Amino acid sequence: MAKPVVYFTREITPENVVRLYEKLGVKLPGKVAVKVHSGEAGNQNYLRPEFMRPMIEEVDGTVVECNTAYDGERDTTEKHEKLMAAHGWSEFFDVDIMDSEGPDLVLPIENGRVLTKNHVGGHMANYASMLVLSHFKGHPMGGYGGALKQLSIGCASNKGKVNIHTGGKFLNQGDCWDNCAPQDDFLEAMAEAAETVVNHFGSNLAYVNIACNLSVDCDCCAVAEDPCMGDIGIFASLDPVAIDQACIDAVMNSDDPGRDHFMERVNSRHGIKTIEDAARLGYGSREYELVEI
């Protein structure tokens, strides 16, 4: 079986994001959801809508997000929509908070060890395809954030995020942070949740990871550490496991002096386990062919 291809370029420009997407040779059909990270209020590292604009316009996409399970400026629809406007997303694009109204779309997990179901924003049912447009960086809980996190936590509703964080035990935000699952269960739950979104869209998915502003913290952090590494480049693939593995490999193979600090965050949170579990579940491959453009 042929290894999935991951396309890569070192030059990070909006035009090259489109160029790498075009290398995938797919045209996402129907109404296209573009999953981005809106950036928490105060975060300095998130990718701005001006940078994403050519890619989102290329697929005539709707920017989609879901509400958070932690207190902040994105845990209710009213606050989240206000932030999306403040950060400029609403100026350029149609924006859809997918869990802005109930009920959630509940996707079954048949062979999960941690979860039995995944709650995603109910509006996901309105889309025929999804472009997962990710800022690859570190993460305080998951170790790193990329395509798999966007598919799992990113597409999960407020209740779905609580479901993942608590290992399937709770759905209400007030029950979340005192009842977090053991770390490895949380990571495995993310892999299980991501699989449901892959199954939902089938072949109508594409992934672009932009490895820049490489902080150990996520764009969800209002107070995030400044980037510790130089920018790496843009990656594109039809395989969510391969693209995240390629980004991790690029960090590990770097001679940047900030590499060890970044990887300490990934490894201390067992972050690569999410990639391992996703590959074990069978919806992607850790082996890939890297094609530099």
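A residue is called buried when its relative accessible area is under 20%, exposed when over 50%, and partly exposed in between, as judged with a 1.4 Å probe and protein chains only. The model is predicted, so local features need pLDDT of at least 70 and side-chain atom pairs count only at pLDDT 80 or more, while totals for chains, interfaces and linings use all residues. Residues are numbered from 1 along each chain as its sequence is written, and side-chain values use heavy atoms, with hydrogens and water left out.

The chain contains 10 helices and 11 strands, where helices (H or I, at least four residues) and strands (E, at least two) are DSSP runs numbered from the N terminus. Of its 293 residues, 60% count as buried. Contacts (heavy atoms within 4.5 Å) were also counted along the chain. Of those with a separation of 6 or more, 75% join residues 24 or more positions apart. The C-alpha atoms fill a box of roughly 45 × 40 × 40 Å along the principal axes.

Thr166 lies in the loop between α6 (158–165) and α7 (183–201). With a relative accessible area of 1%, Thr166 is therefore buried. Apart from neighbours within four places in sequence, Thr166 is in contact with Asp175, Cys176, Asn179, Cys180 and Ala181. The side chain of Thr166 also reaches the backbone nitrogen of Phe170, at 3.1 Å. A polar contact is a pair of N or O atoms within 3.5 Å; within protein, one must be able to donate a hydrogen and the other to accept it, and residues adjacent in sequence count only if both atoms are side-chain atoms.
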